[in-house]
Amino acid sequence: MRGWLNYYGIAEMKNNIESLNGWLYRRIRMCIWKQWKLPKTRMRKLTGLGVDSHYAATIAYDRKGYWFNAGNKAVNWALSKERLINWGFYDLATAYQSLHVNY
């Protein structure tokens with residue numbers, strides 16, 4: 001992503017970067033949700049991240065797909081963008097802004 005951003009960073013594409021960044025974070029949430037394979041693990045992780053246990057149980061035992069659950073309000077709150085950045089994931093919008101100011 002850094003190389004792609006350095007190549008296309010000169011162009012005016014703030015809206016495209018923001019939409020791509022949103023998709024990227026949803027994809028990261030989906031991969032994390034997929035790693036938590038068992039509903040018991042999903043419930044434990046969600047309650048550990050601060051989601052109410054009753055609401056975490058309804059989400060953890062949901063049979064809908066990974067992509068659908070990655071867009072869930074509680075999963076978005078538990079795995080927020082700020083939390084993912086603190087865990088070391090790359091933020092395209094911030095990098096684009098810092099890169100675009102230089103041009």
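**Close-up views of a predicted model**

**View 1. R29 is buried yet has no salt bridge.** The nearest side chain of opposite charge, E82, is 7.4 Å away. Buried means under 20% relative accessible area, exposed over 50% and partly exposed in between (1.4 Å probe, protein chains only). A salt bridge needs a side-chain nitrogen of Lys or Arg within 4 Å of a carboxyl oxygen of Asp or Glu. Lys and Arg count as positive, Asp and Glu as negative; His and the chain ends are not counted. R29 lies in helix 2. R29 touches A70, V75, N76, L79, S80, K81 and L84 (heavy atoms within 4.5 Å), leaving out residues up to four places away in sequence.

This is a predicted model: local features need pLDDT of at least 70, side-chain atom pairs count only at pLDDT 80 or more, and totals for chains, interfaces and linings use all residues. Residues are numbered from 1 along each chain as its sequence is written, and side-chain values use heavy atoms, without hydrogens and water.

**View 2. Helix 4 (residues 53–60) has the buried residues A56, I59 and A60.** They cover an arc of only 95° around the axis, so they sit on the same side of helix 4. The arc is taken from the directions from the helix axis to the C-beta atoms. These buried residues pack against helix 2, helix 3 (39–48) and helix 6 (73–78). Helices are DSSP runs (H or I, at least four residues), numbered from the N terminus.

Notes
Helices (H or I, at least four residues) and strands (E, at least two) are DSSP runs, numbered from the N terminus.
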